[in-house]
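Student: I am new to this structure. Please take me through one part of it closely, and then show me what lies around that part.

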Amino acid sequence: MLYLIQKGVAPKHAFKIMEQVRKGKGLKPEDISAMEEAGVPDWYIGSCQKIKYMFPKAHAVAYVTSAFRIAWFKVYRPLAYYAATFSVRSGGMDGNIAIGGLARVESAMAEIRGKRENKEATAKDEDLYTNLESVREMLLRGYDFLPVNLEKSSESRYLIEGEALRLPFTALPGLGLSVAQAIVEGRKEKPYLSCEDLKKRGKVGKSLLEVLRA
């Protein structure tokens, strides 16, 4: 746009050409005429016809700014960084693996890599692997996970407790958000007194009760 304005194309028309070109829509006959009248080289006009997409500068700045902010938290507020990361990616986590320590995490990652080699890895495996990379990194930095707790765990957010993160209910395999929310709502009334109480007020079925027991 700035180049076209410098060459003498009307600012509004230069903006219109820029928007068309960056979205891969090319040039209209009247655009080509205006550019030729302004002395824009043929190679430049031809290039505008070939471009399929151009990344906007403002988007690039926004991404870089975001990256710097994330990097700052990763270095100086690591637990806040990991808590946010895992909370956002909560659907691809297996809390049983995370709580098992570094050896368990690395074993699970090796198993998924084996599936990749045999072309058996599923999208769920890939999501889990992405999370386990961050889990492994966090453990190597000296931080730990705390198990799910009926009175302390959030539905889906990872909470900071000391130098560790408390697993949420949804980190457990098969325990969805609706059940997690029911458990949290039930405990607001009073603490759970027994498994039967949890089944009744937390709306937890027999299979999920076994998951929580484990």
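Tutor: Start at Lys119, in the loop between H8 and H9. The model is a predicted one. Lys119 is not a glycine, yet its phi is positive, about 55 degrees. Most residues other than glycine have a negative phi. Is Lys119 buried or exposed? Its relative accessibility is 76%, and exposed means over 50%, so Lys119 counts as exposed.

Now step back along the chain. Lys119 follows H8, a helix that covers residues 102-117. H8 has 16 residues. From the first C-alpha to the last, H8 reaches 23 Å, close to the 22 Å expected at 1.5 Å a residue.

Which residues of H8 are buried? They are Val105, Ala108, Met109 and Ile112. Look down the axis of H8: these buried residues fall within an arc of 100 degrees, so they line one face of the helix. An α-helix has 3.6 residues a turn, so residues three or four places apart point the same way. Turn to the face of H8 that points away from the buried side. There you find the exposed residues Ala103, Glu111 and Glu117. What covers the buried residues of H8? The cover includes helix H7, residues 95-98, and helix H9, residues 123-140.

The buried residues of H9 are Asp125, Leu128, Tyr129, Asn131, Leu132, Ser134, Val135, Met138 and Leu139.

Lys203 has a positive phi of about 55 degrees, and it is not a glycine either. Where is Lys203? It sits in the loop between helix H11 (195-201) and helix H12 (206-213). Lys203 counts as exposed because its relative accessibility is 60%.

Next, the pockets. The second largest pocket holds about 250 Å³ of space. Its lining has 13 residues, and Gly91, Met93, Asp94, Lys124 and Pro173 lie nearest its centre. By class, that lining divides into 5 nonpolar, 5 polar and 3 charged residues.

The largest pocket holds about 460 Å³. It is lined by 17 residues, with Met1, Leu2, Met18, Arg22 and Met54 nearest its centre. Helix H1 (2-7), helix H2 (11-22) and helix H4 (42-50) each supply at least two lining residues. H2 gives the largest share, 5 residues. This lining has 13 nonpolar, 1 polar and 3 charged residues.

Return to the loop to finish. Lys119 lies between H8 and H9, and its phi is positive at about 55 degrees.

Methods:
Residues numbered from 1 in each chain as written. Predicted model: local features only at pLDDT ≥ 70, side-chain atom pairs only at ≥ 80, totals over all residues. Heavy atoms only, no water. Helix = DSSP H or I, 4+ residues; strand = E, 2+ residues; numbered from the N terminus. Expected span 1.5 Å × (residues − 1). Buried < 20%, exposed > 50% of the residue type's maximum accessible area, 1.4 Å probe, protein only. Arc of directions from axis to C-beta. Contact = heavy atoms within 4.5 Å. 1 Å grid on protein atoms, 1.4 Å probe; cavity = no way out; pocket = protein on both sides within 12 Å on 5 of 7 lines; lining within 4 Å. Points joined across faces, edges and corners; volume = space filled by probe spheres on them. Nonpolar A, V, L, I, M, F, W, Y, C, P; charged D, E, K, R; others polar.
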